[in-house]
Amino acid sequence: MESDKKLDKLESFLGRINSKVAGFQETTLTVTEKAVKEVMKLDDEIFSKFYRRVAELPRMPTRIEISEDFDSIFGSHGPTLASAMVQHKRSVRPSRNVQASKNPLKMLAAREDIRHEYTEERLNVAQLESKRVKAEKINKSSEYSEAALAGLASKENFSSVSLRNVNMSEQTSNNSAVPYKNLMLIQVKGRRHVQTRLVEPRASSLNSGDSFVLVTPEHCFVWIGEFSNVIEKAKAMDLATFIQTQKDMGCRASQVQTINESVDTQGSDAQEFWTILGGQMPYKSAGPPEEDERFESGIVETNCIFRLVDDKLVPDDEEWGKIPHTSLLASKEVLVFDFGSEVYVWHGKEVTLAQRKVAFQLVKHLWNGMFDYSCCDINPLDPGGCNTLIPRSEGAN
(Lines give C-alpha, C1' and ligand atoms only; values in the text may rest on other atoms or scores of the structure.)
Protein backbone atom coordinates (compact mmCIF):
# COMPACT_ATOMS: atom_id res chain seq x y z
CA MET A 1 0.00 0.00 0.00
CA GLU A 2 2.86 2.36 0.78
CA SER A 3 4.46 1.68 -2.59
CA ASP A 4 1.16 2.27 -4.40
CA LYS A 5 0.79 5.64 -2.67
CA LYS A 6 4.30 6.60 -3.72
CA LEU A 7 3.54 5.61 -7.31
CA ASP A 8 0.36 7.73 -7.27
CA LYS A 9 2.38 10.70 -6.04
CA LEU A 10 4.93 10.03 -8.77
CA GLU A 11 2.16 9.89 -11.37
CA SER A 12 0.75 13.26 -10.31
CA PHE A 13 4.24 14.77 -10.30
CA LEU A 14 5.00 13.43 -13.78
CA GLY A 15 1.62 14.75 -14.93
CA ARG A 16 2.63 18.25 -13.87
CA ILE A 17 5.99 17.83 -15.56
CA ASN A 18 4.30 16.67 -18.80
CA SER A 19 2.04 19.72 -18.74
CA LYS A 20 5.12 21.90 -18.46
CA VAL A 21 6.70 20.00 -21.35
CA ALA A 22 3.58 20.65 -23.43
CA GLY A 23 3.92 24.35 -22.74
CA PHE A 24 7.64 24.21 -23.40
CA GLN A 25 7.06 22.57 -26.80
CA GLU A 26 4.18 24.78 -27.96
CA THR A 27 3.89 24.72 -31.74
CA THR A 28 0.49 26.39 -32.37
CA LEU A 29 0.43 29.74 -34.13
CA THR A 30 -1.59 32.25 -32.12
CA VAL A 31 -2.31 35.98 -32.43
CA THR A 32 -0.38 37.87 -29.79
CA GLU A 33 -1.33 41.46 -30.67
CA LYS A 34 -3.87 43.37 -32.77
CA ALA A 35 -3.65 47.00 -33.95
CA VAL A 36 -5.75 49.15 -36.31
CA LYS A 37 -3.61 50.85 -38.95
CA GLU A 38 -4.65 53.69 -41.30
CA VAL A 39 -3.78 53.49 -44.98
CA MET A 40 -1.38 56.21 -46.02
CA LYS A 41 -2.85 58.80 -48.37
CA LEU A 42 -1.16 60.84 -51.03
CA ASP A 43 -0.33 64.31 -49.85
CA ASP A 44 -2.08 65.88 -52.87
CA GLU A 45 -4.35 63.54 -54.77
CA ILE A 46 -5.66 66.17 -57.22
CA PHE A 47 -2.40 68.18 -57.52
CA SER A 48 -4.06 71.25 -56.07
CA LYS A 49 -0.81 72.27 -54.39
CA PHE A 50 1.17 71.88 -57.59
CA TYR A 51 -0.94 74.06 -59.85
CA ARG A 52 -2.08 77.58 -59.17
CA ARG A 53 -5.60 78.23 -58.11
CA VAL A 54 -8.20 78.81 -60.77
CA ALA A 55 -8.97 82.26 -59.36
CA GLU A 56 -5.42 83.42 -60.07
CA LEU A 57 -5.64 82.63 -63.79
CA PRO A 58 -6.81 85.39 -66.21
CA ARG A 59 -10.50 85.28 -66.74
CA MET A 60 -11.63 83.81 -70.02
CA PRO A 61 -15.06 83.11 -71.36
CA THR A 62 -16.39 79.96 -69.85
CA ARG A 63 -18.10 78.95 -73.08
CA ILE A 64 -17.33 79.73 -76.70
CA GLU A 65 -19.79 79.16 -79.44
CA ILE A 66 -18.07 77.49 -82.36
CA SER A 67 -19.67 77.78 -85.79
CA GLU A 68 -18.35 76.12 -88.91
CA ASP A 69 -14.73 77.20 -88.50
CA PHE A 70 -12.33 78.87 -86.07
CA ASP A 71 -12.67 82.33 -87.48
CA SER A 72 -14.85 83.41 -84.57
CA ILE A 73 -12.11 82.37 -82.12
CA PHE A 74 -9.04 83.86 -83.70
CA GLY A 75 -10.77 86.69 -85.50
CA SER A 76 -10.51 87.84 -89.06
CA HIS A 77 -6.79 88.32 -88.79
CA GLY A 78 -5.97 84.63 -88.58
CA PRO A 79 -4.87 82.54 -91.55
CA THR A 80 -7.57 81.13 -93.73
CA LEU A 81 -7.69 77.53 -94.98
CA ALA A 82 -8.80 77.93 -98.50
CA SER A 83 -7.39 75.05 -100.39
CA ALA A 84 -9.77 72.47 -101.89
CA MET A 85 -8.00 69.62 -100.12
CA VAL A 86 -8.52 71.23 -96.70
CA GLN A 87 -12.18 71.79 -97.43
CA HIS A 88 -12.57 68.16 -98.48
CA LYS A 89 -10.94 66.87 -95.25
CA ARG A 90 -13.14 69.09 -93.18
CA SER A 91 -16.29 67.84 -94.91
CA VAL A 92 -15.48 64.13 -94.41
CA ARG A 93 -14.27 64.44 -90.73
CA PRO A 94 -16.47 62.27 -88.53
CA SER A 95 -18.28 63.73 -85.56
CA ARG A 96 -17.15 62.64 -82.03
CA ASN A 97 -20.00 61.92 -79.65
CA VAL A 98 -17.82 60.12 -77.00
CA GLN A 99 -17.81 61.87 -73.66
CA ALA A 100 -14.43 62.94 -72.44
CA SER A 101 -13.05 60.94 -69.49
CA LYS A 102 -13.06 62.48 -66.04
CA ASN A 103 -10.11 62.86 -63.70
CA PRO A 104 -9.34 59.31 -62.36
CA LEU A 105 -7.83 60.65 -59.15
CA LYS A 106 -10.96 62.57 -58.33
CA MET A 107 -13.08 59.53 -59.11
CA LEU A 108 -10.92 57.36 -56.81
CA ALA A 109 -11.15 59.89 -54.01
CA ALA A 110 -14.92 60.07 -54.37
CA ARG A 111 -15.45 56.31 -53.96
CA GLU A 112 -16.89 55.22 -50.62
CA ASP A 113 -16.36 51.44 -50.92
CA ILE A 114 -12.60 51.65 -50.42
CA ARG A 115 -11.34 51.00 -46.88
CA HIS A 116 -8.88 53.51 -45.50
CA GLU A 117 -7.80 51.36 -42.50
CA TYR A 118 -6.95 47.73 -41.70
CA THR A 119 -6.29 45.51 -38.66
CA GLU A 120 -2.68 44.38 -38.22
CA GLU A 121 -2.19 41.00 -36.42
CA ARG A 122 1.12 39.90 -34.90
CA LEU A 123 1.76 36.13 -34.53
CA ASN A 124 4.04 34.22 -32.13
CA VAL A 125 6.27 32.90 -34.92
CA ALA A 126 9.40 34.52 -33.50
CA GLN A 127 8.77 33.15 -30.00
CA LEU A 128 8.20 29.62 -31.30
CA GLU A 129 11.35 29.70 -33.37
CA SER A 130 13.37 31.06 -30.44
CA LYS A 131 12.06 28.28 -28.16
CA ARG A 132 12.79 25.64 -30.79
CA VAL A 133 16.38 26.80 -31.29
CA LYS A 134 16.92 27.04 -27.53
CA ALA A 135 15.49 23.56 -26.88
CA GLU A 136 17.60 22.12 -29.69
CA LYS A 137 20.78 23.58 -28.19
CA ILE A 138 19.91 22.28 -24.71
CA ASN A 139 19.09 18.78 -25.97
CA LYS A 140 22.38 18.56 -27.86
CA SER A 141 24.47 19.55 -24.85
CA SER A 142 22.51 17.58 -22.22
CA GLU A 143 21.91 13.90 -21.54
CA TYR A 144 18.57 14.52 -19.82
CA SER A 145 15.17 14.00 -21.41
CA GLU A 146 12.88 16.87 -22.36
CA ALA A 147 10.62 16.14 -19.38
CA ALA A 148 13.59 16.31 -17.02
CA LEU A 149 14.79 19.58 -18.54
CA ALA A 150 11.31 21.06 -18.24
CA GLY A 151 11.17 19.96 -14.61
CA LEU A 152 14.52 21.61 -13.90
CA ALA A 153 13.40 24.79 -15.65
CA SER A 154 10.09 24.98 -13.76
CA LYS A 155 9.60 27.41 -10.89
CA GLU A 156 7.72 25.81 -8.04
CA ASN A 157 6.67 27.41 -4.79
CA PHE A 158 8.22 25.38 -1.97
CA SER A 159 7.12 27.68 0.85
CA SER A 160 4.50 25.20 2.03
CA VAL A 161 6.76 22.14 1.75
CA SER A 162 8.07 20.65 4.99
CA LEU A 163 11.38 18.87 4.54
CA ARG A 164 12.39 15.77 6.48
CA ASN A 165 15.18 16.11 8.98
CA VAL A 166 18.13 14.11 7.63
CA ASN A 167 19.49 13.60 11.13
CA MET A 168 16.51 11.44 12.03
CA SER A 169 16.73 7.79 11.10
CA GLU A 170 13.49 6.39 9.78
CA GLN A 171 12.39 2.78 9.73
CA THR A 172 12.04 1.66 6.13
CA SER A 173 8.96 -0.39 5.35
CA ASN A 174 9.31 -3.86 3.84
CA ASN A 175 7.11 -2.75 0.95
CA SER A 176 9.27 0.29 0.17
CA ALA A 177 11.06 0.39 -3.16
CA VAL A 178 14.09 2.19 -1.70
CA PRO A 179 17.19 0.24 -2.87
CA TYR A 180 18.71 -0.12 0.59
CA LYS A 181 17.86 -1.06 4.19
CA ASN A 182 18.88 0.35 7.55
CA LEU A 183 21.21 -2.61 8.21
CA MET A 184 23.23 -4.21 5.41
CA LEU A 185 26.18 -6.58 5.45
CA ILE A 186 28.00 -6.85 2.12
CA GLN A 187 30.42 -9.69 1.41
CA VAL A 188 33.41 -8.90 -0.83
CA LYS A 189 34.89 -12.09 -2.31
CA GLY A 190 36.91 -13.04 -5.39
CA ARG A 191 40.22 -12.65 -7.21
CA ARG A 192 39.62 -11.74 -10.86
CA HIS A 193 36.03 -10.48 -10.91
CA VAL A 194 35.40 -9.60 -7.28
CA GLN A 195 31.75 -10.10 -6.27
CA THR A 196 29.90 -7.95 -3.73
CA ARG A 197 26.72 -9.58 -2.41
CA LEU A 198 24.30 -8.88 0.41
CA VAL A 199 24.35 -11.54 3.13
CA GLU A 200 22.35 -11.99 6.31
CA PRO A 201 23.42 -9.22 8.75
CA ARG A 202 24.68 -11.33 11.66
CA ALA A 203 28.08 -12.43 12.93
CA SER A 204 27.74 -16.01 11.67
CA SER A 205 27.81 -14.71 8.05
CA LEU A 206 31.45 -13.62 8.45
CA ASN A 207 34.50 -15.72 7.62
CA SER A 208 38.23 -15.19 7.98
CA GLY A 209 38.96 -15.47 4.26
CA ASP A 210 36.92 -12.50 2.96
CA SER A 211 36.26 -8.81 3.60
CA PHE A 212 32.90 -7.33 4.59
CA VAL A 213 31.27 -3.90 4.61
CA LEU A 214 28.64 -3.09 7.25
CA VAL A 215 26.40 -0.13 6.41
CA THR A 216 23.89 1.61 8.69
CA PRO A 217 22.45 5.15 8.61
CA GLU A 218 25.11 6.30 11.11
CA HIS A 219 28.07 3.94 10.53
CA CYS A 220 30.18 2.46 7.75
CA PHE A 221 32.49 -0.38 8.83
CA VAL A 222 35.07 -2.39 6.89
CA TRP A 223 35.79 -5.78 8.47
CA ILE A 224 38.91 -7.39 7.01
CA GLY A 225 39.36 -11.13 7.52
CA GLU A 226 42.75 -12.39 8.59
CA PHE A 227 43.30 -14.33 5.35
CA SER A 228 41.52 -11.94 2.99
CA ASN A 229 43.52 -11.33 -0.20
CA VAL A 230 44.79 -7.92 -1.32
CA ILE A 231 42.15 -7.49 -4.02
CA GLU A 232 39.30 -8.10 -1.58
CA LYS A 233 40.76 -5.62 0.93
CA ALA A 234 41.18 -2.91 -1.70
CA LYS A 235 37.69 -3.49 -3.13
CA ALA A 236 36.08 -3.34 0.31
CA MET A 237 37.87 -0.07 1.15
CA ASP A 238 36.90 1.46 -2.20
CA LEU A 239 33.28 0.44 -1.75
CA ALA A 240 33.08 1.78 1.82
CA THR A 241 34.77 5.06 0.88
CA PHE A 242 32.36 5.59 -2.00
CA ILE A 243 29.33 4.91 0.21
CA GLN A 244 30.57 7.27 2.92
CA THR A 245 31.65 10.17 0.69
CA GLN A 246 28.64 10.01 -1.63
CA LYS A 247 26.14 9.44 1.22
CA ASP A 248 24.92 6.45 -0.75
CA MET A 249 22.60 3.70 0.51
CA GLY A 250 21.19 6.01 3.20
CA CYS A 251 24.52 6.18 5.04
CA ARG A 252 25.46 9.50 6.67
CA ALA A 253 28.56 8.33 8.52
CA SER A 254 31.30 10.91 9.07
CA GLN A 255 34.11 8.40 8.44
CA VAL A 256 34.90 4.82 7.50
CA GLN A 257 35.78 2.60 10.47
CA THR A 258 38.21 -0.23 9.67
CA ILE A 259 38.48 -3.41 11.74
CA ASN A 260 41.22 -6.01 11.17
CA GLU A 261 40.35 -9.45 12.48
CA SER A 262 43.95 -10.26 13.45
CA VAL A 263 44.80 -6.87 15.00
CA ASP A 264 41.85 -5.01 16.48
CA THR A 265 39.42 -7.42 18.10
CA GLN A 266 38.54 -5.71 21.40
CA GLY A 267 38.64 -2.02 20.52
CA SER A 268 35.71 0.39 20.77
CA ASP A 269 35.04 0.16 17.01
CA ALA A 270 35.05 -3.64 17.17
CA GLN A 271 32.68 -3.66 20.14
CA GLU A 272 30.29 -1.33 18.31
CA PHE A 273 30.56 -3.52 15.20
CA TRP A 274 29.56 -6.67 17.11
CA THR A 275 26.74 -4.84 18.87
CA ILE A 276 25.19 -3.78 15.55
CA LEU A 277 25.33 -7.40 14.30
CA GLY A 278 23.51 -8.62 17.41
CA GLY A 279 26.51 -9.80 19.38
CA GLN A 280 29.70 -11.73 18.71
CA MET A 281 29.30 -15.40 17.86
CA PRO A 282 31.38 -18.10 16.12
CA TYR A 283 31.91 -17.85 12.38
CA LYS A 284 33.71 -19.87 9.70
CA SER A 285 37.41 -19.84 9.09
CA ALA A 286 39.05 -19.27 5.71
CA GLY A 287 38.49 -21.78 2.95
CA PRO A 288 41.05 -23.24 0.49
CA PRO A 289 42.81 -20.85 -1.94
CA GLU A 290 40.81 -22.04 -4.95
CA GLU A 291 37.55 -21.22 -3.20
CA ASP A 292 37.48 -17.63 -4.49
CA GLU A 293 37.56 -18.63 -8.15
CA ARG A 294 34.90 -21.29 -7.62
CA PHE A 295 32.76 -18.71 -5.88
CA GLU A 296 33.14 -16.24 -8.76
CA SER A 297 31.99 -18.69 -11.42
CA GLY A 298 29.28 -20.23 -9.25
CA ILE A 299 27.67 -17.01 -8.05
CA VAL A 300 27.63 -15.49 -11.55
CA GLU A 301 25.61 -18.47 -12.82
CA THR A 302 22.77 -17.43 -10.48
CA ASN A 303 22.39 -13.99 -12.07
CA CYS A 304 18.91 -13.65 -13.61
CA ILE A 305 18.11 -10.82 -16.02
CA PHE A 306 14.60 -10.10 -17.33
CA ARG A 307 13.20 -7.65 -19.87
CA LEU A 308 9.72 -6.13 -19.86
CA VAL A 309 8.05 -7.16 -23.15
CA ASP A 310 4.31 -6.57 -23.64
CA ASP A 311 3.56 -6.42 -19.91
CA LYS A 312 5.56 -9.60 -19.24
CA LEU A 313 8.97 -10.28 -17.72
CA VAL A 314 10.87 -12.28 -20.34
CA PRO A 315 14.25 -13.86 -19.46
CA ASP A 316 17.18 -12.51 -21.46
CA ASP A 317 18.81 -15.70 -22.74
CA GLU A 318 21.94 -13.93 -23.97
CA GLU A 319 22.72 -12.24 -20.64
CA TRP A 320 21.36 -14.93 -18.29
CA GLY A 321 23.99 -16.33 -15.94
CA LYS A 322 26.62 -13.74 -16.90
CA ILE A 323 28.18 -10.65 -15.35
CA PRO A 324 25.89 -7.72 -16.28
CA HIS A 325 27.40 -4.72 -18.07
CA THR A 326 26.33 -1.10 -18.37
CA SER A 327 25.61 -1.33 -22.11
CA LEU A 328 22.34 -3.08 -21.20
CA LEU A 329 20.98 0.08 -19.58
CA ALA A 330 19.18 1.60 -22.58
CA SER A 331 16.89 4.63 -22.21
CA LYS A 332 13.83 2.77 -23.56
CA GLU A 333 14.34 -0.49 -21.65
CA VAL A 334 12.86 -1.86 -18.43
CA LEU A 335 15.24 -4.44 -16.98
CA VAL A 336 15.05 -6.57 -13.85
CA PHE A 337 18.24 -7.87 -12.24
CA ASP A 338 17.64 -10.74 -9.80
CA PHE A 339 20.74 -11.53 -7.73
CA GLY A 340 18.96 -13.75 -5.22
CA SER A 341 19.22 -11.61 -2.10
CA GLU A 342 18.86 -8.44 -4.19
CA VAL A 343 16.42 -7.50 -6.96
CA TYR A 344 16.81 -4.27 -8.90
CA VAL A 345 14.56 -2.63 -11.51
CA TRP A 346 16.06 -0.40 -14.21
CA HIS A 347 13.76 2.23 -15.75
CA GLY A 348 15.08 4.09 -18.78
CA LYS A 349 14.34 7.81 -18.94
CA GLU A 350 12.01 7.30 -21.92
CA VAL A 351 9.92 4.59 -20.24
CA THR A 352 6.28 5.55 -19.66
CA LEU A 353 4.69 5.64 -16.23
CA ALA A 354 2.33 2.79 -17.17
CA GLN A 355 5.31 0.52 -17.97
CA ARG A 356 6.93 1.43 -14.65
CA LYS A 357 3.80 0.48 -12.73
CA VAL A 358 3.53 -2.85 -14.54
CA ALA A 359 7.21 -3.63 -13.97
CA PHE A 360 6.95 -2.81 -10.26
CA GLN A 361 3.97 -5.09 -9.76
CA LEU A 362 5.65 -7.94 -11.66
CA VAL A 363 8.83 -7.56 -9.63
CA LYS A 364 6.85 -7.73 -6.38
CA HIS A 365 5.37 -11.05 -7.53
CA LEU A 366 8.86 -12.25 -8.49
CA TRP A 367 10.26 -11.27 -5.08
CA ASN A 368 7.42 -12.90 -3.13
CA GLY A 369 7.41 -16.04 -5.30
CA MET A 370 9.20 -19.33 -4.84
CA PHE A 371 12.89 -19.78 -5.61
CA ASP A 372 14.86 -22.83 -6.65
CA TYR A 373 18.67 -22.83 -6.74
CA SER A 374 19.03 -26.61 -6.44
CA CYS A 375 20.76 -26.82 -9.82
CA CYS A 376 23.37 -24.18 -8.85
CA ASP A 377 26.62 -24.83 -6.98
CA ILE A 378 26.04 -21.77 -4.77
CA ASN A 379 22.80 -20.46 -3.32
CA PRO A 380 22.94 -16.61 -3.56
CA LEU A 381 20.57 -16.30 -0.60
CA ASP A 382 23.20 -17.93 1.63
CA PRO A 383 26.53 -18.15 -0.22
CA GLY A 384 28.42 -19.14 2.93
CA GLY A 385 26.03 -21.94 3.86
CA CYS A 386 25.47 -20.54 7.35
CA ASN A 387 21.65 -20.72 7.50
CA THR A 388 20.36 -24.28 7.79
CA LEU A 389 16.82 -23.17 6.89
CA ILE A 390 17.89 -22.34 3.33
CA PRO A 391 18.15 -25.45 1.09
CA ARG A 392 21.43 -26.16 -0.69
CA SER A 393 22.25 -28.26 -3.69
CA GLU A 394 23.77 -31.70 -3.23
CA GLY A 395 26.94 -30.72 -5.05
CA ALA A 396 27.55 -27.57 -3.00
CA ASN A 397 30.44 -27.59 -0.61
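**A tour of the predicted model**

Start by selecting Leu29, Val31, Leu123 and Val125: these residues form a nonpolar surface patch with about 350 Å² of accessible area together. Accessible areas come from the Shrake-Rupley method with a 1.4 Å probe, and for residues only the protein chains shown count as cover. Patches are made of residues with over 30% relative accessible area and no salt bridge; like charges are joined within 9 Å, nonpolar side chains (Val, Leu, Ile, Met, Phe, Trp, Tyr) within 5 Å.

This is a predicted model, in which local features need pLDDT of at least 70 and side-chain atom pairs count only at pLDDT 80 or more, while totals for chains, interfaces and linings use all residues. Residues are numbered from 1 along each chain as its sequence is written, and side-chain values use heavy atoms, with hydrogens and water left out.

Stay on Leu123, which lies in strand β2 (residues 117-123). Helices (H or I, at least four residues) and strands (E, at least two) are DSSP runs, numbered from the N terminus. Leu123 is partly exposed, at 45% relative accessible area; buried means under 20%, exposed over 50%, and partly exposed in between (1.4 Å probe, protein chains only).

Next, select Arg122 and Glu120, a salt bridge whose closest N and O atoms are 3.9 Å apart. A salt bridge is a side-chain nitrogen of Lys or Arg within 4 Å of a carboxyl oxygen of Asp or Glu. The whole structure has 12 salt bridges.

Move to Glu291 and Lys189, whose side chains meet in another salt bridge (3.2 Å, N to O). This pair links distant parts of the chain, 102 residues apart: Glu291 is in helix α9 (residues 291-300) and Lys189 in strand β3 (residues 184-189). Glu291 is partly exposed at 27% relative accessible area, whereas Lys189 is buried at 4%.

Then show Glu290 and Arg294, a salt bridge at 4.0 Å between the closest N and O atoms.

Now select helix α8 (residues 268-276), where Ala270, Phe273 and Trp274 are buried. These residues pack against β5 (211-215), β6 (220-224) and β7 (257-260), with contact meaning heavy atoms within 4.5 Å. The face of α8 turned away from its buried side carries the exposed Ser268 and Thr275. After α8 comes Gly278, with a positive phi near 90 degrees.

Finish at the cysteines. The structure has zero disulfides, a disulfide being a pair of cysteine sulfur atoms within 2.5 Å. For Cys251, the nearest cysteine sulfur is that of Cys220, 4.8 Å away. Cys251 is buried, at 0% relative accessible area.
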